[in-house]
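Here's a quick briefing to read alongside the model. Have the viewer open as you go through it.

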Amino acid sequence: MKPTINDQIAMYCNLLNEWYVAYAAYAKSMGLSNTALDILTTIYENPNCTQKDIAESCFLPKQTVNAVVTSFLKDGWVQLEELPSDRRNKTVNLTAEGLAKAREIMDKVHSCEIKAMSQLTEDERDTLLKLTKTYIHKCSQAMAENIE
């Protein structure tokens with residue numbers, strides 16, 4: 001029996017959840033929550049970002065970002081520096097210790113991602129990216145139309 005569109009949506013969502021669970025398990029093995037891993041990744045890849053930038057990038061509430069950044073601050077992984085243009089806002093940057101830890105964590109994640117992606121053929125990688133992009137665009141478009 002051929003799966004219905006609803007079945008396929010459920011299968012796709014289950015696959016995304018499995019992917020999320022894999023990252024969450026990795027984060028846990030590193031002593032982090034998945035949210036903390038996302039925030040650490042953002043800080044690592046975007047020097048001089050603000051907590052607002054992190055919240056927008058990770059689609060997280062500012063309070064959640066603040067709680068994680070505060071824990072990183074207590075662990076000595078980050079430092080906060082006032083923005084000269086707006087002293088109410090501070091940039092978040094990794095300390096030497098934080099950079100070393102983030103590099104260790106990110107290198108392992110990246111290595112796993114490369115290993116997984118390299119097990120696909122070039123055509124499979126192209127198809128994966130093309131179809132994912134198309135589906136996300138179509139889904140976003142349909143949701144935007146439904147909001148109006």
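This is a predicted model: local features need pLDDT of at least 70, side-chain atom pairs count only at pLDDT 80 or more; totals for chains, interfaces and linings use all residues.

A residue counts as buried under 20% relative accessible area, exposed over 50%, and partly exposed in between (1.4 Å probe, protein chains only). Residues are numbered from 1 along each chain as its sequence is written, and side-chain values use heavy atoms, with hydrogens and water left out.

**Overall layout**
- The protein has six helices and three strands, taken as DSSP runs (helices H or I, at least four residues; strands E, at least two) numbered from the N terminus.
- Along the sequence, the order goes α-α-β-α-α-β-β-α-α.
- Buried residues make up 24% of the 148 residues.

**The hairpin**
- Strands β2 (residues 78-83) and β3 (residues 86-94) pair in the antiparallel sense over six bridges; pairing takes at least two DSSP bridges between two strands.
- Two residues sit between β2 and β3 in this hairpin.
- L80 has V92 of β3 as its bridge partner.

**Aromatic pairs**
- Rings of Phe, Tyr and Trp (its six-membered ring) pair if their centres lie within 6.5 Å; planes under 30 degrees apart are stacked, over 60 edge-to-face, and the rest tilted.
- That rule gives three aromatic pairs.
- W19 and Y23 make an edge-to-face pair, because their ring centres are 5.8 Å apart and their planes at 85 degrees.
- Both W19 and Y23 lie in helix α1 (residues 5-29), four residues apart, about one turn of the helix.
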